[in-house]
Amino acid sequence: MKKTFSLEHEKIKTPRLVDAIKFEVKKYLKRERNKQLPTDADYWDFDCKYGTTEATADMIHVSQLNKSIDHAADHNLKSFYIEILAKPGYRTAKSSGEE
């Protein structure tokens with residue numbers, strides 16, 4: 001998903017737009033997580049970017065998406081850019097330091 005969201009609408013108030021955007025992002029994440037994993041992958045991981053424009057977007061963690069959307073609404077931005085790309089994730093074995 002690579003999309004620029006607008007926080008301005010002639011009939012819909014900003015808090016409702018924010019809720020709709022959060023729902024759309026959540027729905028996209030759920031749809032991607034339900035896809036078939038490659039045979040050697042453990043889970044779906046996501047590369048996420050957020051910024052006022054596509055050119056100024058910075059990497060963020062998936063858990064920061066809702067906070068970023070709230071940040072845009074709190075600072076009265078007219079629009080913002082979100083990019084979410086799914087990739088297979090692999091678990092790494094933890095090394096035991098207690099020996």
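**Core, rings and charged pairs**

I begin with the aromatic residues: in this predicted model, Phe-5, Tyr-50 and Phe-80 are linked by ring pairs into a cluster. How many aromatic pairs does a search of the whole structure find? The search finds two. A pair of aromatic rings is described by the distance of the centres and the angle of the planes. For Tyr-50 and Phe-80, the centres lie 5.8 Å from one another and the planes are at 45°, which makes the pair tilted. Tyr-50 belongs to strand E2 and Phe-80 to strand E4, so that this pair links distant parts of the chain, 30 residues apart. Both Tyr-50 and Phe-80 are buried.

Let me stay with Phe-80 for a moment. Which residues does Phe-80 contact, leaving aside its neighbours within four places in sequence? Among them are Lys-3, Thr-4, Phe-5 and Leu-7, as well as Ile-21. The list also includes Tyr-50, Gly-51 and Thr-52, together with Ile-69 and Ala-72.

Phe-80 also brings us to the largest nonpolar core, which has 20 residues. The residues with the most contacts inside this core are Leu-65, Phe-80, Ile-82 and Ile-84. Four elements each supply at least two of the core residues: helix H1 (14-33), strand E2 (43-51), helix H2 (65-74) and strand E4 (79-89). The largest share, five residues, comes from H1.

Is Glu-32 buried or exposed? Its relative accessible area is 10%, and the cut-off for burial is under 20%, so Glu-32 counts as buried. Not counting residues up to four places away in sequence, Glu-32 touches Trp-44, Phe-46 and Ala-86.

I turn now to the salt bridges. Side chains of opposite charge can pair when their charged atoms come close. In this model the count of salt bridges comes to seven, and I shall describe several of them.

In one, the side chains of Lys-3 and Glu-24 meet at 2.8 Å, N to O. Lys-3 lies in strand E1 (residues 2-6) and Glu-24 in helix H1, and the pair links distant parts of the chain, 21 residues apart. Lys-3 is partly exposed, with a relative accessible area of 32%. Glu-24, with a relative accessible area of 26%, is partly exposed.

Another salt bridge joins Lys-78 and Glu-8, at 3.4 Å, N to O. What does this pair tie together? Lys-78 lies in the loop between H2 and E4, and Glu-8 in the loop between E1 and H1, so the bridge ties together parts that are 70 residues apart in sequence. Lys-78 counts as exposed, at 57% relative accessibility, whereas Glu-8, at 48%, counts as partly exposed.

A further salt bridge is found within a helix. Asp-19 and Arg-16 both lie in H1, three residues apart, which is about one turn of the helix. Their side chains meet at 3.0 Å, N to O. Asp-19 is partly exposed, at 40% relative accessibility.

Finally, I would draw attention to Asp-45, Asp-47 and Lys-87, which are linked in a network of salt bridges.

Thank you for your attention.

Technical notes:
Residues are numbered from 1 along each chain as its sequence is written. This is a predicted model: local features need pLDDT of at least 70, side-chain atom pairs count only at pLDDT 80 or more; totals for chains, interfaces and linings use all residues. Side-chain values use heavy atoms; hydrogens and water are left out. A nonpolar core is a set of buried Ala, Val, Leu, Ile, Met, Phe, Trp, Tyr and Cys residues joined through side-chain atoms within 4.5 Å. Buried means under 20% relative accessible area, exposed over 50%, partly exposed in between (1.4 Å probe, protein chains only). Contact means heavy atoms within 4.5 Å. Rings of Phe, Tyr and Trp (its six-membered ring) pair if their centres lie within 6.5 Å; planes under 30 degrees apart count as stacked, over 60 as edge-to-face and the rest as tilted. A salt bridge is a side-chain nitrogen of Lys or Arg within 4 Å of a carboxyl oxygen of Asp or Glu.
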